[in-house]
Amino acid sequence: MPTSVKSPAPPTGIANAHITVRNLTMAFGSYVVMRNLNFVVRHGDIFIIMGGSGCGKSTLLRHLLGLIEPAQGEIFYENANFTQADPAVRTEILRKTGVLYQGGALWSSMTLAENIGLPLGEFTDLSPAEIRDIASLKLALVGLKGFEDYYPSQISGGMQKRAGLARAMALDPEILFFDEPSAGLDPISSRLLDDLILELRDNLGATVVVVTHELASIFAIGNNSVFLDTQTRTMTASGDPKELLKHSPNPEVHAFLTRGGNNAENPARSHG
Amino acid sequence: MDGTVQATLPPGELSFARKDAATLVVRISGNWHMRHGLPSAAALLNELTAQPRPQKIAFDTSALGQWDSGLLAFLTGVSEVCRQNQVSPDLAGLPDGARKLLELAEAVPEKTGARAEVAQTSFVTSVGAATLSFWEGFSEFLTFFGEVTIAFGKLFEGKARFRRVDLMVLIQDCGANAFGIITLLSFLVGTILAFMGAVQLQQFGAAIYIADMVGIAMTHDMGAMMTAIIMAGRTGAAFAAQLGTMKVTQEIDALVTMGISPMEFLVLPRVIALCLMIPLLCLYSDFMGILGGGFVSATMMGIAPGVYMRETMHAVTMTSVIGGLVKSIVYGVIIAVAGCLRGFQCGNSSSAVGDAATQAVVTGIVYIVVACGIFAFLFNILGI
């Protein structure tokens with residue numbers, strides 16, 4: 001982390017904190033989306049941001065990425081204050097992250113290899129041939145070997161998503177963000193993506209932050225989470241989703257994790 | 001129910017009866033299809049206010065044929081009227097399906113304050129708001145222009161980055177690919193100028209001065225102006241649509257979080273491409289306009305091409321050609337900046353992309369005309 005950011009360390013005292021969110025209030029003008037968010041993402045976590053549709057999950061993600069400025073509160077990456085950092089330091093921090101956007105967000109004027117090669121060309125001293133090799137490797141990792149010269153419009157939505165993941169992994173990031181990774185994927189592809197996320201965390205040692213409302217994914221991969229409640233406009237629970245399912249005193253959280261409480265089957269058991 | 005019976009049933013009908021003094025029976029009969037139009041719940045109001053005032057409403061649907069959402073819309077209207085008049089509706093007489101759908105529709109209370117308010121603004125207010133938003137737009141434009149300038153500074157320090165291949169594609173797109181339309185329109189503008197001048201000049205036997213008029217008008221103003229307006233409609237709109245779509249699909253977010261400045265990566269090559277190409281197009285437009293004027297002179301007024309050419313070379317000075325080129329570069333900056341700015345400001349829907357393209361053209365042309373006025377004023381002071 002750059003030492004140029006002079007700010008107090010996040011006051012949570014939690015060792016191993018990778019991202020610390022303190023008193024975050026998100027608002028568009030006078031409309032408050034969420035207030036008083038406080039949570040910590042630890043190194044190696046698969047952290048789930050969950051909640052009902054339209055509660056501000058993606059908005060929270062955009063705050064974590066600095067695409068929207070908080071109305072109040074601060075976000076720390078390790079000990080660096082991201083919210084108050086100047087643009088150069090922010091870029092430095094963001095360079096250690098990779099993001100998979102909802103629709104993949106591949107640059108449509110470039111081939112898949114060029115999409116993955118662009119950050120490599122910008123931020124490394126690799127030769128074009130080496131960049132091409134690494135791009136091929138990343139594509140192979142997500143099961144798209146041989147698709148180097150395809151344009152994003154020539155492949156299916158699920159493949160675009162996987163190519164987006166390959167691009168997010170281009171610089172071997174320390175943190176990977178996923179915005180609704182299973183949206184628009186069939187159950188099997190979605191399951192494969194979950195497995196891929198787990199393997200990335202285990203083998204690359206990355207921290208993973210996932211925005212989702214897919215219960216199957218939440219229980220299959222998440223080991224930490226925050227629940228955003230639409231009614232009270234704040235977080236009502238945090239922690240391991242499997243623990244929340246068993247012990248959460250909050251009826252909203254319980255209803256969410258059990259599909260409204262009508263599901264007799266325990267979803268935690270139904271998946272992995 | 002039997003199909004033939006239904007076919008003979010009349011379209012939806014409504015009648016009222018009293019079971020006893022306190023109970024109003026609403027009799028619903030016939031086929032209730034929304035495509036045939038339906039009785040309104042307002043008729044019920046008269047019955048409710050009639051003496052003696054009913055306390056309850058019951059439904060009789062024994063003669064009801066087929067029904068669809070039209071019936072439900074009517075029933076929700078009825079239950080709204082009942083609520084306002086503190087009358088309790090007894091839903092037991094309704095078909096099962098209709099009753100359940102009605103309960104579903106009323107399960108969640110209406111969100112208050114969510115309906116669109118029709119704002120009434122006076123003429124003066126809207127004029128004021130429009131004026132303020134024009135100035136706001138102008139200051140946004142200047143801010144964006146400033147950011148582009150800073151990015152250019154980085155470019156000269158060798159720090160700014162974009163892909164050379166993108167620049168080449170853009171140069172081809174706003175240079176070579178625009179030749180056809182510039183050829184056609186500039187030639188036509190030249191002929192129009194010549195026609196209009198010819199009528200006047202012929203009256204006192206000064207037809208040869210058509211060459212002077214067309215030459216000076218094209219090089220001084222019309223060449224740059226025509227090129228700029230064509231490019232605003234062609235390239236400015238394309239820039240806004242490209243960047244707007246990239247905004248919608250989060251491609252711009254992806255650049256930002258990757259640590260790549262969209263200003264350098266997307267805007268710089270567009271501004272450079274347009275500013276390199278537009279003076280060439282302008283020069284070409286000058287030439288085509290003069291050619292158009294010469295064509296009219298030769299065919300309609302019998303001025304020999306050689307004579308026309310000599311007169312043109314005599315009239316057109318290097319200063320006015322260069323003045324036109326300088327103007328065209330300024331117009332190019334305006335078009336590129338307006339296009340990119342509107343693209344970046346694009347909202348998150350497909351109609352927003354269309355708005356962005358429209359806005360880019362409108363902003364571009366308005367500022368081009370303003371700049372043209374400023375140039376006329378400046379050139380006048382400088383005596384050019």
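**F123(A) and its surroundings**

I started with F123(A), which belongs to helix 3 of chain A. The model I am looking at is predicted. I set aside the neighbours of F123(A) within four places in sequence, and then found F123(A) in contact with R95(A) and L171(A). R95(A) is 28 residues away from F123(A) along the chain, and I noted 8.6 Å between their C-alpha atoms.

**P119(A)**

I next looked up P119(A), which is also placed in helix 3 of chain A. I counted P119(A) as buried because 22 other C-beta atoms lie within 10 Å. Which residues does P119(A) contact, leaving aside its neighbours within four places in sequence? I listed A170(A), L171(A) and M258(B).

**Where chain A meets chain B**

M258(B) in that list sent me to the two chains. I found 14 residues of chain A in contact with 11 residues of chain B. Which elements of chain A give two or more residues to the side that touches chain B? I noted helix 2 (87-94), strand 6 (97-100) and helix 3 (112-123). I then sorted the residues on this side of chain A by class and got 8 nonpolar, 4 polar and 2 charged.

**The six-stranded sheet of chain A**

Strand 6 of chain A came up again when I turned to the sheets. I found an open sheet of 6 strands in chain A, with the order 6-7-8-3-9-10 and mixed pairing. Its edge strands are strand 6 and strand 10 of chain A, each of which pairs on one side only. On average, ignoring direction, I found neighbouring strands of this sheet turned by 20° against each other.

I followed this sheet to strand 10. Strand 9 (residues 224-229) and strand 10 (residues 234-238) of chain A pair in the antiparallel sense, over 4 bridges. I found L228(A) opposite M235(A) in strand 10 of chain A, and D229(A) opposite T234(A) in that strand. These two strands of chain A form a hairpin with 4 residues between them. In the turn I noted R233(A), with a positive phi of about 55°.

**The four-stranded sheet of chain A**

I also found an open sheet of 4 strands in chain A, with antiparallel pairing and the order 2-1-4-5. Strand 2 (31-42) and strand 5 (80-81) of chain A are at its edges; each has a single partner strand, so one side of each is left without a neighbour in the sheet. I counted 8 bridges between strand 1 (residues 17-28) and strand 2 of chain A, which run antiparallel. One bridge pair I wrote down is F28(A) with Y31(A), the latter in strand 2 of chain A. What lies across strand 1, strand 2 and strand 4 (72-77) of chain A? I found helix 1 (residues 57-64) of chain A there, running at about 120° to strand 1 of chain A.

**A hairpin in chain B**

In chain B I looked up strand 1 (residues 13-20) and strand 2 (residues 23-32), which pair in the antiparallel sense over 7 bridges. They form a hairpin with 2 residues between them. I noted S15(B), whose bridge partner in strand 2 of chain B is R27(B).

**Two crossing helices in chain B**

I then took helix 5 (residues 123-157) and helix 12 (residues 318-344) of chain B, whose axes come within 10 Å and cross at roughly 105°. I called these two helices of chain B roughly perpendicular because of that angle. The contact uses E140(B), F141(B), F144(B), F145(B) and V148(B) from helix 5 of chain B, and V337(B), A338(B) and L341(B) from helix 12 of chain B. By class I got 7 nonpolar, no polar and 1 charged residues.

**The cores**

Last, I looked up the largest nonpolar core, which has 142 residues. Those that touch the most other members are I49(A), F177(A), V208(A), V209(A), V210(A), L274(B) and I335(B). Helix 8 (residues 210-248) of chain B gives the most to this core, with 18 residues. Apart from this core I found another, of 16 residues, including V26(B), I28(B), L75(B) and V78(B).

How values were computed
Residues are numbered from 1 along each chain as its sequence is written. Chains are lettered from A and ligands numbered from 1 in the order in which they are written. This is a predicted model: local features need pLDDT of at least 70, side-chain atom pairs count only at pLDDT 80 or more; totals for chains, interfaces and linings use all residues. A nonpolar core is a set of buried Ala, Val, Leu, Ile, Met, Phe, Trp, Tyr and Cys residues joined through C-beta atoms within 7 Å. A residue is buried if 20 or more other C-beta atoms lie within 10 Å of its own, exposed if 12 or fewer, and partly exposed in between; C-beta atoms are placed from the backbone. Axes are lines fitted to C-alpha atoms, for helices over the stretch in contact, and angles run from 0 to 180 degrees between N-to-C directions. Angles under 35 degrees count as roughly parallel, over 145 as roughly antiparallel, 65 to 115 as roughly perpendicular and the rest as oblique. Two residues are in contact if their C-beta atoms, placed from the backbone, lie within 7 Å. Ala, Val, Leu, Ile, Met, Phe, Trp, Tyr, Cys and Pro count as nonpolar, Asp, Glu, Lys and Arg as charged, and the others, Gly among them, as polar. Two strands pair if DSSP finds at least two bridges between them.
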